[in-house]
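Please find below a short note for a colleague who is meeting this structure for the first time.

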Amino acid sequence: METKPSYFSKLFSGRMNRQNYIFGSTLFVLLPTICFLVVIFNILLSPSIFAMPYLNPANPDQIMTPNISIMSLLETPVNELWALAGVIFIILSIPYLFSMQIRRQHDLNMNGWWWTVNILPFTEFYTYIPGSHATPGTNIWWMLSFLSLASSIFSLYFTIWPGTKGVNKYGIQPIAQTSLLKDILLLK
């Protein structure tokens, strides 16, 4: 009797075509972004953000400046709800984004561990650490900049390059269709 693979093992095996990869990645990045943009727009549209200095009615010689903190604007019930929704979307998106990257690399007949190349652009942040030896123009700065550029080109490559024709070591060629539940979330 053949055992059915677990959802987790199904999620990280097989292949994914370009169309599904681009659609899924866009969806899983767009949902939290929309939530956080709503929070930002709510802050910008808050009437208290534009409070102007005014004359003190008790002492007309004194100018009063409103004391408004960004935290007080973030802590409104609506903004807390939208921020919570954004955080939940991020937490739910992370495994699917990794899954889609790995399956897309399988479509290119590459090992799924190549997703770690996506971490390389973050090495550029080393140049912003006070006291680091990666100041502009130094060899380490050039190396980190090159790694960041190379990983960006690699990410572009596996996003737009067509997958392996026919069967490869990761499975059969995926058909050109997009079904969120079946092809991206692997729920059916």
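The numbered points below describe the model shown above.

1. The model is predicted. Its chain has a radius of gyration of 24 Å, whereas a compact globule of 188 residues would have one near 16 Å. Along the principal axes, the C-alpha atoms occupy a box of roughly 85 × 50 × 30 Å.

2. Burial. Of the 188 residues in the chain, 28% count as buried; the cut-off for this class is under 20% relative accessible area.

3. Secondary structure. The chain contains 6 helices and 2 strands. Their order along the sequence is α-α-β-β-α-α-α-α.

4. Helix α2. This helix comprises 27 residues, residues 18–44. From the first C-alpha to the last, α2 reaches 37 Å, close to the 39 Å expected at 1.5 Å a residue. At L30 the helix bends by about 25 degrees, and the proline P32 follows within four residues.

5. Buried residues of α2. P32 itself is among the buried residues of this helix.

6. The largest pocket. Its volume is about 460 Å³. The lining consists of 19 residues, of which R15, R103, K182, D183 and L186 are the closest to the pocket centre. Which classes of residue make up the lining of the largest pocket? By class, there are 7 polar, 6 nonpolar and 6 charged residues.

Notes
Residues numbered from 1 in each chain as written. Predicted model: local features only at pLDDT ≥ 70, side-chain atom pairs only at ≥ 80, totals over all residues. Heavy atoms only, no water. 1 Å grid on protein atoms, 1.4 Å probe; cavity = no way out; pocket = protein on both sides within 12 Å on 5 of 7 lines; lining within 4 Å. Points joined across faces, edges and corners; volume = space filled by probe spheres on them. Nonpolar A, V, L, I, M, F, W, Y, C, P; charged D, E, K, R; others polar. Expected span 1.5 Å × (residues − 1). Bend = angle between axes of the 7 residues up to and from the residue. Buried < 20%, exposed > 50% of the residue type's maximum accessible area, 1.4 Å probe, protein only. Rg over C-alpha atoms; globule rule 2.2 N^0.38 Å.
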